[in-house]
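Here are my notes on this one, written as numbered points. Keep the viewer open and click on each residue as you read.

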Amino acid sequence: MLTIYLQGLFLGAAMILPLGPQNAFILQQGSRRQFHLMSAALCSLSDMILIAVGVFGGSALLSQSDLLMTFITWGGVVFLAWYGFGAARAALSNNLTVVRAEIAPTSRKRVVFILLAVTWLNPHVYLDTLIILGSIGGQLEYTQRSWFTFGALTASLVWFFGLSILAAGLSPLLSRPISQRIINIFVASVMWLIAFKLAIQGIQH
């Protein structure tokens, strides 16, 4: 079972570590110490739901629904482009208050809303969790699937909480105006890049 657990752990890490809107958002929240642990928990919980559904037989449902994937794709394009615009505007602003906090969610509800959007409106999340991890884990014997899922979830928990805590620990450095400008530019670039890729996929689909 250890081999199955490690397989899930390393495959989960391979899916989570690449640059994406979740990572950018958690870095941003951690640098400001605003609901950063809750943000990490929400990302991990979303992964838990998607990976478990995929491994235990739900991956085929999404792949058969072209309409749902189209809705998710273009919803993601609009949201990520909008959020990227806010980050870019903050980065280029001469107002230090705006630079530090204009697009930083200041309420728990807004953090939850944005995190759910950057997670559930990103088709890459479904591809990584439901389709790839789900199809690989789904080929295992039923008793082994739980260990595979647990391994993938471990990777998610360690990464998101590690990134959140690291960003919060470096907050005195990252909260400086110049650092916030750099982070905002980084966030805008990530959001726009993912939005562009999603738009290309939507057009070609």
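1. You'll find Phe-35 in the loop between helix 2 and helix 3. Check its backbone too: phi is near 55°, a positive value in a residue other than glycine. Bear in mind throughout that this is a predicted model.

2. Now look at Arg-33, which sits in the loop between helix 2 and helix 3 as well. Arg-33 isn't a glycine either, yet it has a positive phi of about 55°. Is Arg-33 buried, exposed or partly exposed? With a relative accessible area of 48%, Arg-33 goes down as partly exposed.

3. Time to zoom out. How many helices and how many strands does the protein chain have? The count is ten helices and zero strands, so reading from the N terminus by the DSSP runs you get α-α-α-α-α-α-α-α-α-α. Of the contacts with a separation of 6 or more, 85% are between residues 24 or more positions apart.

4. The protein chain has 205 residues, and 49% of them count as buried. Its accessible surface comes to about 10,100 Å², and carbon and sulfur atoms own 72% of that.

5. Next, the inside. The largest nonpolar core is made of 35 residues. Phe-79, Leu-80, Tyr-83, Leu-115, Val-118, Val-187 and Met-191 are the ones with the most contacts inside it. Which elements give two or more residues to this core? They are helix 1 (2–16), helix 2 (21–32), helix 3 (36–63), helix 4 (66–92), helix 6 (108–120), helix 8 (142–169) and helix 10 (177–204). Helix 10 gives the largest share, nine residues. There's also a second, separate core of eight residues, with Leu-133, Leu-140, Phe-148 and Leu-153 among them.

6. Phe-79 deserves a click of its own. If you skip residues up to four places away in sequence, Phe-79 touches Phe-113, Ile-114, Ala-117, Val-118 and Leu-121. Take Ala-117 from that list: it lies in helix 6. Ala-117 is buried, because its relative accessible area of 9% is under the 20% cut-off. Along the chain Ala-117 and Phe-79 are 38 residues apart, but their C-alpha atoms are separated by 7.5 Å. Setting aside neighbours within four places in sequence, Ala-117 is in contact with Phe-79 and Asn-122.

7. Back to the surface. Which residues form a nonpolar patch there? Leu-45, Met-48, Ile-49 and Val-53 do, and together they have about 320 Å² of accessible area. Ile-49 belongs to helix 3, and its 40% relative accessibility is why it counts as partly exposed.

8. Last, the record. An unreviewed UniProt entry places the feature "transmembrane region" at residues 6–27, 39–62, 68–92, 112–136, 148–170 and 182–200. Residues 6–27 are 82% helix and 0% strand, with the end C-alpha atoms 27 Å apart. For residues 148–170 the figures are 96% helix and 0% strand, and the end C-alpha atoms lie 33 Å apart.

Terms used
Residues are numbered from 1 along each chain as its sequence is written. This is a predicted model: local features need pLDDT of at least 70, side-chain atom pairs count only at pLDDT 80 or more; totals for chains, interfaces and linings use all residues. Side-chain values use heavy atoms; hydrogens and water are left out. A nonpolar core is a set of buried Ala, Val, Leu, Ile, Met, Phe, Trp, Tyr and Cys residues joined through side-chain atoms within 4.5 Å. Buried means under 20% relative accessible area, exposed over 50%, partly exposed in between (1.4 Å probe, protein chains only). Helices (H or I, at least four residues) and strands (E, at least two) are DSSP runs, numbered from the N terminus. Contact means heavy atoms within 4.5 Å. UniProt positions are given in the numbering used here, feature names are shortened, and annotations may be inferred rather than shown by experiment. Patches are made of residues with over 30% relative accessible area and no salt bridge: like charges are joined within 9 Å, nonpolar side chains (Val, Leu, Ile, Met, Phe, Trp, Tyr) within 5 Å. Accessible areas come from the Shrake-Rupley method with a 1.4 Å probe; for residues, only the protein chains shown count as cover. A salt bridge is a side-chain nitrogen of Lys or Arg within 4 Å of a carboxyl oxygen of Asp or Glu.
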